Amino acid sequence: MSKKLYELIARVMNVPADSIDDNSGPESIESWTSFKGYVLLYELESEFKVKFTIDEAIDVKKIADIKRHLENHGVIL
Amino acid sequence: MKGEQKLSYYINKAASLNNQTFDKKTRIAFLGSFTLNGLAETIQVKCAEQKIQCVTYVGAYNQYNQEILNSGSDLYKFNPDITFLFIDVRAALKDLFHHPYSISQEERKQFVNTITEEILNLTKKFSDTTKSKLVLANFNTPTFSPYGIFENKTEFGFKRMLYEINSKLEDALLNSDSIYVFDFAHFVVKFGEKNVFDYKQFFFGDMQINLDYIPHLATNLMSYVIAYSGMTKKCIVLDLDNTLWGGIVGEDGFNGIKLGLEPPGNVFVEFQKILLSLHQRGIILAINSKNNYDDAIMVINEHPYMILREEHFASLKINWTDKVSNMKEIADEINIGMDSIAFFDDDPVNREYMQVNLPEVLTVNLPHDPSEFVNILQNMNEFSVLNITHEDQQRGKMYAEQRKRSELEKSVPNLENFLKQLDLKVSIKNANEFTIPRISQLTLKTNQFNLTTKRYQENDIRKLSEDKNYLVRCAQVQDKFGDNGITAVFIVKKENQKEWVIDTFLLSCRVMGREVERGILSHIVNEAKNNHVEKIRAQFLPTAKNKPIEDFLPNCGFKKDNDSWVYSVNSPFVVPDCLTVSAE
């Protein structure tokens with residue numbers, strides 16, 4: 001599941017999947033604008049069949065945050 | 001409904017488009033009162049799919065007023081061809097969006113007048129400042145009203161305010177040839193308010209169109225881009241078995257095919273009705289079918305539930321020849337380019353064969369289930385036009401007349417006899433309010449018999465026609481079979497007292513090969529003579545498509561002079577004796 005997550009993030013951010021890790025985020029990935037960040041959340045919702053709350057959406061600062069929120073919604077990574 | 005990719009696909013794809021170049025180019029600006037991120041990238045990709053190179057400009061968030069009112073703004077520096085303006089209903093109504101009943105009915109009416117006037121003033125400033133087309137989105141009507149079910153019992157209530165603004169905008173812009181109202185309200189109806197508007201996105205970043213629906217919105221907006229770029233498809237070529245009716249007439253017989261009031265026959269009746277409605281507004285229809293001619297034509301002429309009859313088709317290729325050869329013959333007969341044709345065939349093998357051999361033809365990917373055909377056809381934006389002229393509405397009838405001409409041509413021994421029997425009359429007309437839309441349309445659409453392929457929007461034609469240094473004329477061509485309508489245009493620049501320059505000279509493919517061009521040129525030569533002009537200069541600017549006009553100038557006595565051609569007005573010009581030319 002983790003691999004699927006990384007692949008989706010890499011696709012949306014247009015970067016190689018092996019260039020990102022749990023600490024990657026807007027600061028380390030140049031293409032991660034606030035808009036792209038929202039596009040990512042939107043695609044994650046559709047891929048993992050979850051609905052993030054607005055608090056969760058605002059809270060994402062790095063990939064580890066996404067993992068944490070996905071796990072809170074019962075997604076096993 | 002067309003499947004759409006995710007928005008991220010378009011955003012990333014747009015980033016890799018930089019190396020692609022296409023002949024057609026367009027500049028598109030987006031202005032909005034809310035976040036429109038992703039829309040420009042999606043349009044860029046959709047343009048590239050249509051072989052249009054698109055450069056975009058996205059105005060700063062909610063700065064549309066400043067961008068339009070300041071003549072030196074980045075918007076005007078960008079010099080767009082098309083500008084899309086989205087003002088959302090909250091921005092328009094301000095506090096009244098939440099509290100419409102905090103003021104009286106009269107005050108609501110007054111507010112509607114004021115806001116409409118403000119928007120119209122913006123559009124006026126815009127069209128006074130730039131040549132760009134403006135596409136203004138109208139207002140969707142939110143389903144929530146504080147009055148709930150009593151809303152419709154309230155005089156000039158919240159919803160009525162929005163209906164009224166939309167209708168006032170539409171009325172005021174009805175006759176504008178540079179400003180168009182995009183029916184955003186209808187877009188929301190089509191996809192549903194709960195889908196298009198997502199509160200979380202709205203709160204997160206004032207994104208008022210759900211990211212999943214940005215690609216759908218872009219598809220809708222592409223109608224304007226396709227029409228503006230002259231990429232509109234002119235002709236639908238149809239298969240018969242399992243496309244216009246269910247089953248195979250050669251096997252199931254006249255009475256066995258599925259076509260009627262009951263399912264699944266009603267599917268095909270409805271599909272034909274939509275095709276007929278497109279035909280009535282000017283789309284040419286033709287048949288390309290592997291079938292026994294007698295079996296198929298009997299259905300077309302005699303089946304009680306057939307909607308499309310022989311008279312609706314400009315060409316009927318019903319035979320056992322391969323479909324690509326048939327398609328080439330259809331294009332030749334109707335005299336249109338392959339890229340003006342859309343092809344409908346239920347058989348994936350035939351579609352693949354067409355796509356491989358004639359990739360310029362738009363082969364429509366029909367689903368296996370015929371009940372989806374209507375939806376596919378109704379959602380195509382490839383037939384979009386910015387204007388429907390009288391000529392468009394008459395086109396179906398004109399092509400039926402064309403078939404009769406072809407029959408006459410085959411029955412007489414040579415071209416000369418054929419042309420004499422046609423009794424051709426060419427009437428030269430000035431550019432005026434009635435002819436300007438058609439003149440512009442012909443400059444935008446004509447590719448083959450077009451000397452310079454200069455494209456002019458209606459405003460350009462209007463300005464040229466008001467300029468005393470230009471002659472802007474068109475020609476109506478009639479013959480014994482009927483009226484071909486306005487089918488030729490010429491624009492002449494009076495360079496000086498001794499020399500005129502032909503800026504534009506074009507003829508619709510509908511009247512090519514009948515000496516009409518010589519008749520029109522003789523008129524220009526005579527008018528030049530009457531004005532004591534000595535030389536007429538013209539240029540042939542070759543394109544991939546205008547080979548038919550390549551030899552026109554030398555054949556008419558023009559002599560090469562560096563990169564242009566010159567006609568000495570004193571040399572005798574032979575007017576074809578098969579036609580008469582008159583002028584207003």
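Between which strand and which helix of chain B does Thr453(B) lie? Thr453(B) sits in the loop between strand 12 (449–450) and helix 21 (458–466) of chain B. Helices (H or I, at least four residues) and strands (E, at least two) are DSSP runs, numbered from the N terminus.

The model is predicted; local features need pLDDT of at least 70, side-chain atom pairs count only at pLDDT 80 or more, and totals for chains, interfaces and linings use all residues. Residues are numbered from 1 along each chain as its sequence is written, while chains are lettered from A and ligands numbered from 1 in the order in which they are written.

The scores of the model are ipTM 0.88 and pTM 0.80. For chain B, the average pLDDT (the predictor's confidence in each residue, from 0 to 100) is 93. A pLDDT of at least 70 is reached by 99% of the residues of chain B. Where pLDDT is low, predicted coordinates should not be read in detail.

Thr453(B) is not a glycine, yet its phi is positive, at about 50°. Thr453(B) counts as partly exposed because it has 17 C-beta neighbours inside 10 Å. A residue is buried if 20 or more other C-beta atoms lie within 10 Å of its own, exposed if 12 or fewer, and partly exposed in between, with C-beta atoms placed from the backbone.

Asp206(B), a residue other than glycine, has a positive phi near 50°. Asp206(B) is in the loop between helix 10 (199–205) and helix 11 (214–228) of chain B. Asp206(B) has 17 C-beta neighbours inside 10 Å, so it counts as partly exposed.

A cis peptide bond runs from Pro263(B) to Pro264(B), with omega near 5°. Pro264(B) belongs to the loop between helix 12 (249–252) and helix 13 (265–280) of chain B.
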